[in-house]
Amino acid sequence: MAEQAAPQGTDPAPPGPKKCPFTPEQRHEIKKIMKECKEESFWYRALPLSLGSMLATQGLVYKGYLSANKRFGSLPKVALAGVLGFAVGKISYISACQKKFQNTGMDNMFQAGFVPGIGCGFGPQFFGKTSQALSPPLRGL
């Protein structure tokens with residue numbers, strides 16, 4: 001199969017590895033903020049919501065508002081409440097982390113396609129304008 005030519009008016013991406021657009025100091029600052037966000041979201045949101053939802057669910061099972069499983073008792077419902085409370089707690093802390101990045105002046109990196117959990121700016125704007133150029137053609141499927 002012949003490769004598709006790039007649409008006219010667009011420059012193909014230069015060959016070779018992409019370089020991280022941030023300085024080592026900025027990367028250190030990003031790591032520091034991400035560590036703070038992980039720790040604070042756990043201690044201030046995820047853990048309290050998880051424990052609170054587990055306690056409330058156990059109370060509802062004890063009072064008879066929720067039925068216990070015949071084989072496992074209240075464990076499945078309490079575990080599910082804990083996992084959901086943890087996830088809601090982590091998600092609810094996202095805005096606080098965004099404010100931390102805005103306060104450091106690095107908030108424009110999100111607009112450039114930077115995703116801290118993945119790496120250095122590998123979003124759509126980093127590779128090109130269309131997401132079609134990001135995915136290779138499927139062969140043999």
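Residues are numbered from 1 along each chain as its sequence is written, and side-chain values use heavy atoms, with hydrogens and water left out. Because the model is predicted, local features need pLDDT of at least 70 and side-chain atom pairs count only at pLDDT 80 or more, whereas totals for chains, interfaces and linings use all residues.

Helices are DSSP runs of H or I with at least four residues, numbered from the N terminus. Apart from neighbours within four places in sequence, Cys 37 is in contact (heavy atoms within 4.5 Å) with Tyr 93, Cys 97 and Lys 100.

Leu 60 lies in helix α1 (residues 24–63). Its relative accessibility is 37%, so Leu 60 counts as partly exposed; this class falls between buried (under 20% relative accessible area) and exposed (over 50%), with a 1.4 Å probe and protein chains only.

Gly 73 is placed in the loop between α1 and α2 (75–92). With a relative accessible area of 23%, Gly 73 is likewise partly exposed. Gly 73 and Val 61 are 12 residues apart along the chain, and their C-alpha atoms are separated by 9.1 Å.

Note on methods
Helix = DSSP H or I, 4+ residues; strand = E, 2+ residues; numbered from the N terminus.
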